[in-house]
Amino acid sequence: MAPLDMKPNELEPYWVPFTANRAFKKSPRMFAGAKDMHFVKPDGTKVIDATSGLFCVNAGHCREPIVKAIQEMAATLDYSPAFQYGHPKVFELSSRLALLAPGDLDYAFFCNSGSEAVDTALKIALAYHKAKGEGSRTRFIGRERGYHGIGFGGISVGGMGPNRKQFGNMLTGVDHLNTTYNRAEQAFTKGEPAWGAHLADELTRLIALHDASNIAAVIIEPVAGSTGIIPPPKGYLEKVREITAQHGILLIFDEVITGFGRLGHCFASERYGVTPDLITFAKGITNAAVPMAGVMASKRIYDAFMTGPEHAVELFHGYTYSGHPLAAAAGLATLDLYKDEGLFERASKLEAPFADSMMSLKGLPNVADIRTVGLLAGIDLDPIAGKPGLRGFQAMERMYHDFNIYVRVAMDTLVVAPPLIASDADIAEIRDRVEKIIKAVA
């Protein structure tokens, strides 16, 4: 065993997730600090954060109220058992979320990541139907180009090929709706495209194929995020809700990205006037300061489990760190910050100027499409012939080393999602630097 004071190889031992490791370790992209709208490089250079970390730092970096809440909780209660015991902060946070969630989604089940939230929601759906005496309802329906994390449940219902192809067998009994994206009909659309509501009718075909008595749930992102920002066509989500309700199928909205102000509301379901049966959340719940995620469940679902002897566990599921004290404290401080600074309303007011700013990039070299909704934008660049993803990789290298901006890259798509605290000047700066990147990799 190496002595503890031995100087390690500082790059090689870390297997970096979702990263080209060999290329990264030749030319690393490192952040050593962050504040408000910026990351900070090890040499002190500021880098404007144009994607809110990974869609998660909605209120800006290192906000003092959140930092203070975490520090105080760490000194008061560093951990509390998650099973058979509780602590005051997690009940307070649950109550706050119940007030914020739409309809009767009044019950919060906590976990630690969006991936865990999805697997939790899928398990709740299966167990709910079994509790109701409909144990044959075991099938799930996801959607092409959907992203639901990286657990086996999430990649099974998800529809992004690269996330699935390396891992062989997944959950059985899963179908996928068609993606709602059609460039020929929807290119350069601000907000929800007019074309595409009819694509929800594919759900009726799948129900006829399998029979509703065998289908547990449909899971979709209100706005498909990680694939490159695909807003729902007008009327699409309403149709999906109508069809699922008609057939007793649960509807799960994956709001890991869209939750907590990204679309000008606490949850996207409010924007679209559609209340699902379950909502997954993560990211913005703690402003990413401490890992936390969860599922909001309807009273109808919760009540279905509250049968049998009172001393018996109703749902055999949970995590060591479910509702962790530091995460709960961070979540409460984050919700206070959203409210005190009116950040959801701010995001709503910024949507139109943000969309105009992003759409002004149309006509630059290789820009094939731009989609905007809320404070989300996807900018598709034409791939280099025979080398998909290379132009996006080159853009990522140049943005860090040359232009001091951080933008999430998905293959050859640039994904812009600024913190909700962004000013008009910040958006203009992001737009101008993105233009430089696009021209640099032309």
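The legends below describe close-up views of a predicted model.

The model is predicted: local features need pLDDT of at least 70, side-chain atom pairs count only at pLDDT 80 or more, and totals for chains, interfaces and linings use all residues. Residues are numbered from 1 along each chain as its sequence is written, and side-chain values use heavy atoms, with hydrogens and water left out.

**View A. Helices H15 and H16 cross at roughly 125°.**
Helices (H or I, at least four residues) and strands (E, at least two) are DSSP runs numbered from the N terminus. The axes of H15 (residues 390–403) and H16 (residues 424–440) come within 10 Å; axes are lines fitted to C-alpha atoms, for helices over the stretch in contact, and angles run from 0 to 180 degrees between N-to-C directions. The crossing of H15 and H16 is right-handed; right-handed means that the near helix is turned clockwise from the far one by less than a right angle, and left-handed anticlockwise. Ala 395, Arg 398, Met 399 and Phe 403 of H15 make the contact (heavy atoms within 4.5 Å) with Arg 433, Lys 436, Ile 437 and Ala 440 of H16. By class, the contact of H15 with H16 has 5 nonpolar, no polar and 3 charged residues. Ala, Val, Leu, Ile, Met, Phe, Trp, Tyr, Cys and Pro count as nonpolar, Asp, Glu, Lys and Arg as charged, and the others, Gly among them, as polar.

**View B. Asn 404 lies in the loop between H15 and strand S13 (405–406).**
Phi of Asn 404 is near 55°, a positive value in a residue other than glycine.

**View C. Helices H4 and H13 cross at roughly 40°.**
The axes of H4 (residues 88–100) and H13 (residues 325–340) come within 9 Å, and H4 passes H13 in a left-handed crossing. From H4, the contact involves Lys 89, Val 90, Glu 92, Leu 93, Arg 96, Leu 97 and Leu 100; from H13, Ala 328, Gly 331, Leu 332, Leu 335 and Asp 336. The contact of H4 with H13 has 7 nonpolar, 1 polar and 4 charged residues.

**View D. Arg 63 is in the loop between helix H2 (52–55) and helix H3 (64–76).**
Arg 63 counts as buried at 14% relative accessibility; buried means under 20% relative accessible area, exposed over 50%, and partly exposed in between (1.4 Å probe, protein chains only). Not counting residues up to four places away in sequence, Arg 63 touches Asp 36, Asn 287, Leu 337, Glu 341 and Ile 421. The C-alpha atoms of Arg 63 and Thr 334 are separated by 9.0 Å, with the two residues 271 residues apart along the chain.

**View E. Helix H5 covers residues 114–131.**
The 18 residues of H5 should span 26 Å at 1.5 Å a residue, and the end C-alpha atoms are 25 Å apart, which agrees; the expected span is 1.5 Å times one less than the number of residues. Buried residues in H5 include Gly 114, Val 118, Leu 122 and Tyr 128. Gly 133, with a positive phi near 80°, follows H5.

**View F. Thr 180 sits in the loop between strand S6 (174–177) and helix H8 (183–186).**
Thr 180 is buried, with a relative accessible area of 2%. Residues that Thr 180 touches, not counting those up to four places away in sequence, include Arg 143, Trp 195, Ile 230 and Tyr 236.
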